[in-house]
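Thanks for coming. Please have a look at it before I go on.

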Amino acid sequence: MAERLLLTQRPAWMALQAHAARIQKVHLRELFAADPQRGTRLTAEAAGIYLDYSKNRLTDETLQLLFALAEQCDLRGRIEAMFRGEKINITENRAVLHTALRAPREAVIVVDGQNVVPEVHAVLDAMSAFVEQIHSQQWKGFTGRPIRNIVNIGIGGSDLGPVMAYEALRFYARRDLNFRFLSNVDGTDFAETVRDLDPAETLFIVCSKTFTTLETMTNAATARQWLLAALKDPASVARHFVAVSTNAAEVTKFGIDPANMFGFWDWVGGRYSMDSAVGLATMLAIGPQRFRELLAGFHAIDEHFRTAPFSHNLPVLMGLIGLWYGCFFGAETVAVLPYEQYLKRFPAYLQQLTMESNGKRVTLSGVDVDYPTGRIYWGEPGTNGQHSFYQLIHQGTQLIPCDFIAFGQSLHPLGRHHDLLIANVFAQAEALAFGKTADEVRADGVPEWLVPHKTFPGNRPSNLLLLEKLTPFALGTLVALYEHIVFTQGVVWDINSFDQWGVELGKVLAAKITPELEAPTEPDLKHDSSTNALIRRYRRYKWSAPPP
């Protein structure tokens, strides 16, 4: 690979450093006072998402320097390379084409000389046919009873995406089907997931591309034992298990009919796979038509990201603004705060999408970075968070930029509930930006000794995303928006957003430790002194009493 100019040596980066030293002294109160149109001017809109980014600590000069940095890092060229199917995941020599999962039937996207779009739609059609069988009760369990319980077994992208989408779209989900999501290898997760389920009415979806993922296959094997304990006949497995995988041999060996294996491709990373066959549980919940509406939302933002100028491009704007705070203000975290209860798992979903993608310490050429990458994403739904961690955001010593997400219409319009909810999100963004000065506190008649405690510094930045209503289409736009924010930042940071080698080391060591925990006699331990001591103590606990 040709040697790249280091990010910190680029002219726009150096200009941003000098500019940041000046802008950090400027308060949002000053910026709004100097520009009465700021609140309507610093906005952008696409695919039903209205973005207000006016409450950020930036000026037109800031934006122009950030756009220049993106151009110097060839963001436009990298976007085109991804959409063309070039193998931009260089450490695994793979294309990065989650965008193909939501491309229309007539699209042409070529990987290794083959148009992959027909394959994508063939899988979607197979999923749709299967879902129709379950919904119409043509698909029966082994004893002839219809399926009423769906348990998705996966981990990482094979769990976080489906469970987030199910929770987000529960309003549209069938209520005659019961959905559960099993991911943790902790036996408690399995026990509580199946505790009140009838095996004769339960279908398991095993999501593992290789069908070898330790946590997923451990849970799948236990689920198989649980089923057979009730139904006895091994032939029952084929009526109560389907697979999302590419390993037909292992799927067949497990007892699943390979005709009920829904595939995907190595150009789809796990954390980008919720709109592939990994979304089978989502489609079972909301139906094929609603699932295609979800895909249409993804595709709308894909096209916007690919074609819109940077100055109006939502993922580019949010990606560069996030980079501005992370690299020039020392902000280490981002709070994602959806004012919509159905999006309660959205921040958790974003944690994997963002941190597994951009938690990298070397550039594409393997050189250590000398700038911060991969910020920490976290959050909770409003208004719950207001009574929890907002205190730190308002008056703490750390700068925590916020992404607020809100909707103009409630899916459950009850009295004044929604007006109160939206009043809170607007008020929080306003309070964070402008705060309350000591003089304003005094004007309220507060005793002088209490004034410092009731003063709010403000100047805390936020984006506000406002959509009309939470629909499958809207959810697709939100997920695609953050996918492309990740890509934008990864390009500028010159890192590979599509591998995850950091996940591997712990797995390797766990595979070595497991037999040492299970050995009937004291093993010869060769770890560090701490790990050795912990293993010995665990073994004492394990054998000190009979299992329950």
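Keep in mind that this is a predicted model. I begin with W324 and F329, which are both buried. Their rings form an edge-to-face pair, with 5.1 Å between the centres and 70 degrees between the planes. Ring pairs also join W324 and F329 to W13, Y325, F328 and Y371 in a cluster.

How many aromatic pairs are there? The count is 23. Another of them is F204 with W226, edge-to-face at 5.8 Å centre to centre, with the planes at 90 degrees. This pair connects distant parts of the chain, since F204 is in strand 7, W226 is in helix 9, and 22 residues separate them. F204 and W226 are buried.

R38 lies over the face of F32, 5.4 Å from the ring centre. The charged end of R224 is over the ring of F254, at 5.7 Å from the centre.

Now to helix 6, residues 117-136. At 1.5 Å a residue, its 20 residues should span 28 Å, and the end C-alpha atoms are 28 Å apart, so the two agree. Which residues of helix 6 are buried? Among them are V117, V120, H121, L124, M127, F130, V131, I134 and H135. In an α-helix there are 3.6 residues a turn, so residues three or four places apart point the same way. The cover over the buried residues of helix 6 includes strand 7, strand 8, helix 12 and helix 13. Just past the end of helix 6, Q137 has a positive phi of about 65 degrees.

Note on methods: Residues numbered from 1 in each chain as written. Predicted model: local features only at pLDDT ≥ 70, side-chain atom pairs only at ≥ 80, totals over all residues. Heavy atoms only, no water. Phe/Tyr/Trp six-rings, centres within 6.5 Å; stacked < 30°, edge-to-face > 60°. Helix = DSSP H or I, 4+ residues; strand = E, 2+ residues; numbered from the N terminus. Buried < 20%, exposed > 50% of the residue type's maximum accessible area, 1.4 Å probe, protein only. Lys NZ or Arg CZ within 6 Å of the ring centre and 35° of its normal. Expected span 1.5 Å × (residues − 1). Contact = heavy atoms within 4.5 Å.
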